[in-house]
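Please walk through the following protein chain with the structure open beside the text.

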Amino acid sequence: GYFPMVSTAGRGSVHALFGSIWEPAFAVSPAQLGSMTADSTGALSSINGTVAGGASSTRVAVYAGSSLTPITTLSVAGGSWSVSVAALVAGGLAPGDHVLRFVTTAGSRSSAPAAEARVTVSGTSIVAALLPAIVVTR
């Protein structure tokens, strides 16, 4: 037997039982950290990355440490994403050492394991960063 998603025959279905609050969970590709961009002074100005198979509904939420509240949430356009250091600082990233977590989400219930970056914030700039296999460009 089976339990249909939507039933036109008036029988029980997931849609009839749960309505719009029901959403299937599915596999989401994790965010990949790809590069960092530096300004003319050498301060880092953005962190860039990709999500394999990222659709228009895919988002990357950026968290500091173990916080459950994202600093910012990014749209994945054509599989790519980028966040400016200014947006991170404006979102509350304080001076000091931090672990940033980049979590890919799709819908409200599907997410991937976090990609992580270690950064040092001084004033309104990220002055040091440790990302796996990362390229800094000017």
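The paragraphs below go from the overall layout to the strands, then to the core and the surface.

The model is predicted. Its chain holds two helices and 10 strands, and from the N terminus on these elements follow the order α-β-β-β-β-β-α-β-β-β-β-β. The chain has 138 residues, of which 33% count as buried. Its accessible surface comes to about 7800 Å², with 57% of that belonging to carbon and sulfur atoms. Among contacts between residues at least 6 apart in sequence, 50% join residues at least 24 apart.

The strand pairing can be followed from strand S1 (31-38). S1 and S2 run antiparallel and are joined by seven bridges. One of the residue pairs places Ala31 with its bridge partner Val51 in S2, and Thr37 stands opposite Ser46 in S2. Five residues lie between the two strands of this hairpin, and Gly42 takes a positive phi near 95 degrees there.

Strand S2 (44-51) also pairs with S5, in an antiparallel arrangement with five bridges. Here Gly49 has Trp81 of S5 as its bridge partner. S2 is mostly covered, with six of its eight residues buried.

With S6, S3 pairs in the antiparallel sense over seven bridges, and Ala61 has Val103 in S6 as its bridge partner. With strand S4 (residues 72-75), S3 is joined by four bridges, again antiparallel; Val60 has Leu74 in S4 as its bridge partner. How much of S3 is buried? Five of its seven residues are, so S3 is largely enclosed by the rest of the structure.

The buried side chains come next. In soluble globular proteins, nonpolar side chains tend to be buried together. In this model, the largest nonpolar core has 24 residues, and those touching the most other members are Ile47, Val60, Trp81, Leu88, Leu100 and Phe102.

Which residues does Leu100 contact, leaving aside neighbours within four places in sequence? They are Ile47, Tyr63, Ala64, Ile71, Leu88, Leu93, Ala115, Glu116, Ala117 and Val119.

Ala112 sits between strand S7 (110-111) and strand S8 (115-122). Buried or exposed, which is Ala112? Its relative accessibility is 7%, so Ala112 counts as buried, the cut-off being under 20%. Not counting residues up to four places away in sequence, Ala112 touches Val28, Ser29, Pro30, Val103 and Thr104. The C-alpha atoms of Ala112 and Phe26 are separated by 9.7 Å, although these residues are 86 apart along the chain.

The surface gives a contrasting case. Leu17 is placed in helix H1 (residues 14-18). With a relative accessible area of 56%, Leu17 is exposed, because that value is over 50%. Together with Phe18 and Ile21, Leu17 makes a nonpolar surface patch of about 320 Å².

Technical notes:
Residues are numbered from 1 along each chain as its sequence is written. This is a predicted model: local features need pLDDT of at least 70, side-chain atom pairs count only at pLDDT 80 or more; totals for chains, interfaces and linings use all residues. Side-chain values use heavy atoms; hydrogens and water are left out. Buried means under 20% relative accessible area, exposed over 50%, partly exposed in between (1.4 Å probe, protein chains only). Contact means heavy atoms within 4.5 Å. Accessible areas come from the Shrake-Rupley method with a 1.4 Å probe; for residues, only the protein chains shown count as cover. Patches are made of residues with over 30% relative accessible area and no salt bridge: like charges are joined within 9 Å, nonpolar side chains (Val, Leu, Ile, Met, Phe, Trp, Tyr) within 5 Å. A salt bridge is a side-chain nitrogen of Lys or Arg within 4 Å of a carboxyl oxygen of Asp or Glu. A nonpolar core is a set of buried Ala, Val, Leu, Ile, Met, Phe, Trp, Tyr and Cys residues joined through side-chain atoms within 4.5 Å. Two strands pair if DSSP finds at least two bridges between them.
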